[in-house]
Amino acid sequence: MGFFERLKAGLQKTRQALVEQINLVITSVRKIDESLFEELEEVLIQGDVGVETAAELVDHLRDLARRRRLETADQLREAIKAKVLEILGDPVPMAENPAGPTVILVVGVNGVGKTTTIGKLAHHYRSQGRRVLLAAADTFRAAAIDQLRIWAERAGADFIAHQEGADPAAVAFDAVQAARGSRRADVVIIDTAGRLHNKAHLMEELRKIRRVVERELPGAPHETLLV
């Protein structure tokens, strides 16, 4: 089994475990009351649904119960499904640059999985037969460049990097320029170092990356993903 197949299987197990826990709470219910809602909220939070989303979902169920529209386990199960679909909303397609290449900038705080997400995106686009170029603009974190290089190799994507400590904007510029020229990439995905919004100099670094990329390819980046 390849890496991405193992990753998909692992995510399936995580999702299945959460569903089983929710079903366990629902099927053991004798009375729909506050203790049930508290237990359900705890299961959702432990399943990494998120505190705000879990609270929104459970508050919705409480409201249905108060209006006597939630009296059986089946009604509870269907209400959860309906609310989850409402929260998720309709799928929003990724922005594309019809003239090519499409440039995607990936940002976020430290340790949230930006580089892993880029690996998944690269695999997704490569499975569509598209040429992908990964840009290692996280020149700050130790081993970040090597980590992204491994993801590029696994996905069959092209790769551009400078040395550790180099200007991230220069990496992004070279990647977009190469994608339009010799590398002929359809998609450019730019990795960036983790940062908090209150670090002014790091936020300015992001703005510089955007300016440089837009100067080389008007309209880019076409999508900015906050992980």
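# Exercises on helices, loops and overall shape

Helices H7 and H8 cross in a right-handed way. That crossing opens our set of exercises, and keep in mind as you work that the model is predicted.

**Exercise 1. Describe how H7 and H8 pack, starting from the angle and distance of their axes.**

Solution. 
- Step 1: Two packed helices are described by the angle between their axes and the distance between the axes.
- Step 2: For H7 and H8, the axes cross at roughly 25° and come within 9 Å.
- Step 3: An angle under 35 degrees counts as roughly parallel, so H7 is roughly parallel to H8.
- Step 4: Now find the residues that touch. H7 contributes Pro168, Ala169, Ala172, Phe173, Val176, Gln177 and Arg180, while H8 contributes Glu205, Lys208, Ile209, Val212, Val213 and Glu216.
- Step 5: Sorted by class, the contact of H7 with H8 holds 8 nonpolar, 1 polar and 4 charged residues.

**Exercise 2. How do helix H2 (residues 34-46) and helix H3 (residues 51-66) pack, and at what angle do their axes cross?**

Solution. 
- Step 1: The axes of H2 and H3 cross at roughly 155° and come within 9 Å.
- Step 2: Angles over 145 degrees count as roughly antiparallel, which means that H2 is roughly antiparallel to H3.
- Step 3: The hand of the crossing of H2 and H3 is right-handed.
- Step 4: On the H2 side you will find Glu34, Phe37, Leu40, Glu41, Leu44 and Ile45, and they meet Val51, Ala54, Ala55, Leu57, Val58, Leu61, Arg62 and Ala65 of H3.
- Step 5: The class count for the contact of H2 with H3 is 11 nonpolar, no polar and 3 charged residues.

**Exercise 3. Work through the packing of helix H5 (residues 114-127) against helix H6 (residues 144-155).**

Solution. 
- Step 1: The axes of H5 and H6 are 9 Å apart, and the packing angle is about 20°.
- Step 2: Use the cut-off of 35 degrees again: H5 is therefore roughly parallel to H6.
- Step 3: H5 and H6 have a right-handed crossing.
- Step 4: Thr115, Thr116, Ile118, Gly119, Ala122, His123 and Arg126 make the contact from H5, with Gln147, Leu148, Trp151 and Ala155 on the H6 side.
- Step 5: In the contact of H5 with H6 there are 5 nonpolar, 5 polar and 1 charged residues.

**Exercise 4. Which residues does a cis peptide bond join, and which residue has a positive phi although it is not a glycine?**

Solution. 
- Step 1: To place Pro101, look in the loop between helix H4 (73-88) and strand S1 (102-107).
- Step 2: Another cis peptide bond links Ala220 and Pro221, and here omega is about -5°. Pro221 sits in the loop between helix H8 (200-216) and strand S5 (223-226).
- Step 3: For the backbone angle phi, turn to Arg184. Its phi is positive, about 50°, though Arg184 is not a glycine. You can find Arg184 in the loop between helix H7 (168-180) and strand S4 (187-192).

**Exercise 5. Step back to the whole chain: how many helices and strands does it have, and why is it more spread out than a compact globule?**

Solution. 
- Step 1: The chain has 8 helices and 5 strands.
- Step 2: Read from the N terminus, the order of elements is α-α-α-α-β-α-β-α-β-α-β-α-β.
- Step 3: For 227 residues the globule rule gives 17 Å, but the radius of gyration of the chain is 22 Å, well over that value, so the chain is more spread out than a compact globule.
- Step 4: Along the principal axes, the C-alpha atoms fill a box of roughly 65 × 45 × 35 Å.

Methods. Residues are numbered from 1 along each chain as its sequence is written. This is a predicted model: local features need pLDDT of at least 70, side-chain atom pairs count only at pLDDT 80 or more; totals for chains, interfaces and linings use all residues. Side-chain values use heavy atoms; hydrogens and water are left out. Axes are lines fitted to C-alpha atoms, for helices over the stretch in contact, and angles run from 0 to 180 degrees between N-to-C directions. Helices (H or I, at least four residues) and strands (E, at least two) are DSSP runs, numbered from the N terminus. Angles under 35 degrees count as roughly parallel, over 145 as roughly antiparallel, 65 to 115 as roughly perpendicular and the rest as oblique. A crossing is left-handed if the near helix is turned anticlockwise from the far one by less than a right angle, and right-handed if clockwise. Contact means heavy atoms within 4.5 Å. Ala, Val, Leu, Ile, Met, Phe, Trp, Tyr, Cys and Pro count as nonpolar, Asp, Glu, Lys and Arg as charged, and the others, Gly among them, as polar. The radius of gyration is taken over C-alpha atoms; the globule rule is 2.2 Å times the number of residues to the power 0.38.
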